Amino acid sequence: MKAIFLILGVIAGILVIPAQAQTTAEFGYQLHPEKLLENTEGVLQIFVTSNEMMVPKQIVDLKVVSSDNSIIEILGIEESDKFTKDILIKAKKSGIVGIVLAAPGFSSKEISLEVFNNNNYPTQILMKITPEKFPIDGPRYGYIALELATTGGLPTLAADDTIIHLNTPNKDIIILTNSEVTISSGEYYVITEFEIIGSGNAIIFAETEDMTKISSRINILEPNGPLKLQLYAFPQDYNSYSGTRGFAIIQLLDADGIPVLAEEDIHFKLNVENPDSAINTSNDFQEVLFDKQQLVINKGSYSTFTKFTPRSGLGDITTSYEQTFTMFISVNNYLTGSTSINIFHDQLGALEGEGPAVTNVLPFLTTGKEEIIAVTYYETEIEISRQTGGSKEGTTNRETVTVTVPVTAKDDHSVIFSSSELDTVNPIHPIMKKGENVVIVFGKTGTVIPEEGVSFSITDNQGVKTIIGNPIGPSENSISLSVEPLIPMILAEKQFPVLAYLVEGAGEDGETTTTEEGEDPRLGVTPFIEDAVLTFSANEFIETDYLTIKQNQPYQLMNMMSKEVGTSTLSYQMSGFDGTTEIVSYTTDPVEIHVSFPKNILANSKTLATVQLLDSSNNPVYAKKDIEIKLVSNNEQILKTPEELTIKNGEYFNSFELETFNEGEIELALLSEDFALSKYDINVIDISPVLSLNLLGGMNWNERIEAQLSVTIPQITTSLDGFDVEWEVTGGEVVQFDEVTNSNGIATLNVIANEKAQVAISVTVSGNGLSSSSLSKTAAILNMPIEELVIEESTNELGLPIDLTTMILIIIPVAIGGVLFVLKRMDKLDMITEKIPIGDKIEEIKEKISDIRNR
């Protein structure tokens, strides 16, 4: 019999299923408050996470170190609950520091924390230069705006007059209008100007007492060099006996042959080279007489001119009928371009009339000023007879030639000169004086050129003549209107300056375009192209008014009022231009209520949360009065909070508990006077453990049975310890049990089977954030003691005799079959048959049963 029960006990034994492989636990954290101010204390909560979920696992022997105790000091570690550690910290000064965490069973981790400054007083100055880049044809001055700001970069009012010193080392490029400016008490900015006198990169420094020195750069674009003085002479043909005159016009051009404004006064001299100077050595005089031989192109201009005339009677000292003289420029540091004139020495009478007119155009910039656009002169071609060679027997050899000769005006009269595009250039009708043959044509230029070009019409005694002009400037299609705040940061509920100007060649980002050849130095700020009215669309955040703008005005400066904190898009319109600008207003007052809490919160738990005040830059800020906040959960079946809390005057945060009950997502609303509604979605998770209960031992009477509980959670990969375990046992004597799971998620119970034929074991597991789960198992006890009773033969319902031997013969096969069926379902039968020769054992059992029958 003992052998039988031993075999049954072996067969009934259940192997332990290996636990799921676990990974090293990870630290999770939440800082309270989330943004720390210097000279305050806070709490860094540490817990276990897996797949971004809190895990109810204990942290034992946690070590914490600050990488810089001058910024954050560790005051101590406390246990918030069974699964959360509170690290008490003190923020000493602003800065960023690493907090290193380590504990047995965890991967070490470094957390980066930032400590913020108190943002209620000025600690720095800000500077903005507008524009930052200047084209060669653009305005010759710009603006410097300076303002006071807190450490967090917010604009703030001056408590006292603040003197700011300005200087630049680039005095050959810019001149500062003021070297010292003052932000008056109660104000937060000041504006000054600078003048452009050169080209290149310049830097401006600003500094004030007890604040860091700052600087900003300016880029004044340079023309494509080398620069050249180009000389033009009109007309080209003269007669030394007619007394006619001409104009010498000089322009400053870049390497592309386009006029460019001079950055300095350019002084030079005009000279004429006589082709026969080697022959006419007996005459020491100038063949061409200038009204002015020493000339200057003034700074900010690009041209100048003078009159000249061939010396009268020049033909008397030469045997040639015509001479070509080269006119050139003497100057330093510039390239030069010369020209030539032809002087004929035929003794002709003066020709008078109102034409024919010849017009030569010159390149001109659309500067919005009066510029030289052309030269008109009168001349005609005639046939004359010239002597060739000597005389023979009283006969002179002659030839007939065609020459160009000047025509002088008989009376003063206006030359009818018109333009096809008056917005580009409106000619000032020239007056041809009596006895004159040439006149310079000036035009009142606009500031843009048309896409199809400009043509000029000139009326003379032959009719109307047309010639194509050569204006140089931006086209209207390449210009955009820009409106931007002149100061770096705008303080809410205060006036602030705004600058409007036109930009040529700006892309979508407002920057001028750059080609493969490089940046076009002519693109950038350009004057307003016409008289116009700048208007702004209605805006509830910004208070402004319309403005009248004049043609050729470089900028328009205006003031606006920001009525509240926030971002607003301001729309503007002017003639054919429109656009939008983003206005962002800030304040050092609290404008936002922020709540910090873990990303996922466990159900059936209490979790720390913190509400704090932020300014318009999302920096922490102290309350300037008591601020009462109402908290409303939209589902208190899931999460419950205090109904109200207060951040007191002089404080900047307050902590409270989130009490959770069930799984789900709720919305937490925070309401307070003078603050916008704040809403937060909070996710509450309920993770249910998967339990397995294994019974180990021989299942024999009066022997120990070990119940082993294993806890796993499919959503997480770390092992679980610290679960509360509640056991219930019937049919045996409990000798030892675990009340919580160990570091491997295991809890055990030991019981002596000495009461009943069956031992029933039930276990219930619960824990922070977990739903309770239960599991039960029952074990049949083998080898129970049999009392000596007289067993009378009895019959069953069928009338068949049943004795003890018969009962054994029935029970054993049934028990074996049951055990084999269970092992087969658990896929353990093959494993057991490999280790234990069950077939042999069954044969032994059969023999013993046969022996029993034969007794």
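Let's start with Arg522, which forms a salt bridge with Asp254, their closest N and O atoms being 2.9 Å apart. By salt bridge I mean a side-chain nitrogen of Lys or Arg within 4 Å of a carboxyl oxygen of Asp or Glu. Arg522 sits in the loop between strands E45 (518–519) and E46 (524–526), and Asp254 in the loop between E21 (246–253) and E22 (266–273), so this pair ties together parts 268 residues apart in sequence. Strands here are DSSP runs of at least two residues, labelled E and numbered from the N terminus.

A word on the source: this is a predicted model, where local features need pLDDT of at least 70 and side-chain atom pairs count only at pLDDT 80 or more, while totals for chains, interfaces and linings use all residues. Residues are numbered from 1 along each chain as its sequence is written, and side-chain values use heavy atoms, leaving out hydrogens and water.

Are Arg522 and Asp254 buried or exposed? Arg522 is buried at 13% relative accessibility, and Asp254 is buried at 5%. (Buried is under 20% relative accessible area, exposed over 50%, partly exposed in between, with a 1.4 Å probe and protein chains only.)

Next, Glu436 pairs with Lys307 in a salt bridge, with closest N and O atoms 3.7 Å apart. Glu436 is in the loop between E36 (431–432) and E37 (438–445), Lys307 in strand E25 (residues 303–310), 129 residues away. Glu436 is buried at 16%, and Lys307 is buried too, at 19%.

Now for Asp674: its salt bridge partner is Lys625, with closest N and O atoms 3.5 Å apart. Asp674 is exposed, at 67%.

And how many salt bridges are there in the whole structure? The search finds 15. Thanks, everyone!

Notes: Helix = DSSP H or I, 4+ residues; strand = E, 2+ residues; numbered from the N terminus.
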